[in-house]
Amino acid sequence: MVAELELRYPPAWAEEWDRVGLVLGEPCAPVRRVLCVVDVVPETVAEAVEAGVDMIVAHHPLLLRGVSSVAPTTYKGRIVHRLIKADVALYVAHTNADVADPGVSDALAARFGLTGLRPLHRPAPGSPAHGAGRGIGRIGELPEPMTLAELTRHAAAVLPATTWGVRAAGDPGRSVRTLAVSGGSGDSFLTDAAAAGVDAFLTADLRHHPAGEHLATGGPALLDAAHWATERPWLDDLAALLREATGVQTLVSDLDTDPWTVHAAPPAADDKEPDREG
């Protein structure tokens, strides 16, 4: 299983700061059932244990930053202990899956029916990930042009549902034909989207000042979806890949791990309470 994952998503393709590969488990242990998840959290671990899987394949690293202890008195320590006690291995494919072709953003692009795909941000020449169609994000054409308002509603319909939903920045009536997408946090690629001349860029975790400055300097319209929702589509591709390549049974977690759980839109003007005189 590890060999197949590393054939598709070589660890050398990951960013230097990233932590990918086998985290827990014996490399030679048999794997019959796998759960694919975005986040390794107590809820997805419980899902794995209840389903009797032998391995979790996750997108986000559990141990991205150094820790001095995995004692069960710590949040991550409790997760590690439960996985070991249940004999569940853990494997992570993160930025090496982002840059792969096909990878995380290809699955996101497919939700919009984008054609003529090309990378949004290509790896530097000479880097291990450089070559072929690899790179962060994808640029393509929508089947039919949409206004930004229409595309925002369409994005909310085709992406996995979250409380966060989808918000957009720009002229609601702007016509969008070329769309850039990038699964996960994408505001470091605003410059790439502007340089590519796309009509709109959909990603997650956009921040106030970078987004405002991007629009003020003529950049493409922006769509900001929940981080989890932009990466969840890849799990279906991952599960199919592992099932076809190794014959294992694959399960996909639909557990929404987006941390934002409450959303309230402002009331319409007609619904606002009238001013009351004291």
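Trainee: Which residue is the bridge partner of T203 in β10?

Mentor: This is a predicted model. In it, T203 has D224 of β10 as its bridge partner. The two strands involved are β9, residues 200–204, and β10, residues 221–225, which pair in the parallel sense over 5 bridges.

Trainee: What is the order of the strands in the open sheet?

Mentor: The open sheet has 6 strands, ordered β5-β6-β8-β9-β10-β7, and the pairing is mixed. At its edges are β5 (115–121) and β7 (166–169), each of which pairs on one side only. From one strand to the next, the twist averages 30 degrees.

Trainee: Which strands does helix α5 touch where it packs on the sheet?

Mentor: Helix α5, residues 104–111, touches β5, β6 (136–147), β8 (175–185) and β9. The direction of α5 makes about 140 degrees with that of β8.

Trainee: Now the nonpolar cores. Which residues touch the most other members of the largest one?

Mentor: The general idea is that in soluble globular proteins, nonpolar side chains tend to be buried together. Here the largest nonpolar core has 40 residues, and Y9 and W234 touch the most other members. Helix α9, residues 227–246, supplies the largest share of this core, with 8 residues. Another core, of 20 residues, lies apart from it and includes A155, V181, A221 and L223.

Trainee: Which residues is W234 in contact with, leaving aside its neighbours within four places in sequence?

Mentor: With those neighbours left aside, the contacts of W234 are Y9, H59, A93, A97, G103, V104 and A107.

Trainee: Is H227 buried or exposed?

Mentor: H227 has a relative accessible area of 19%, so it counts as buried, the cut-off being under 20%. H227 is placed in helix α9. The side chain of H227 makes a polar contact of 2.6 Å with that of D205. Beyond four places in sequence, H227 is in contact with H60, G184, S185, A204, D205 and D258.

Trainee: How many disulfides does the structure hold?

Mentor: In general terms, a disulfide is a covalent bond between the sulfur atoms of two cysteines. This structure holds 0 disulfides.

Trainee: Is C28 buried or exposed?

Mentor: C28 counts as exposed because its relative accessibility is 78%, and the cut-off for exposed is over 50%.

Trainee: And C36, buried or exposed?

Mentor: C36 is buried, since its relative accessible area is 0%.

Methods. Residues numbered from 1 in each chain as written. Predicted model: local features only at pLDDT ≥ 70, side-chain atom pairs only at ≥ 80, totals over all residues. Heavy atoms only, no water. Core = buried A, V, L, I, M, F, W, Y, C linked by side-chain atoms within 4.5 Å. Buried < 20%, exposed > 50% of the residue type's maximum accessible area, 1.4 Å probe, protein only. Helix = DSSP H or I, 4+ residues; strand = E, 2+ residues; numbered from the N terminus. Contact = heavy atoms within 4.5 Å. Polar contact = N/O pair within 3.5 Å; in protein donor to acceptor, adjacent residues only side chain to side chain. Pairing = 2+ DSSP bridges. Axes fitted to C-alpha atoms, helices over the stretch in contact; angles between N-to-C directions. Disulfide = S-S within 2.5 Å.
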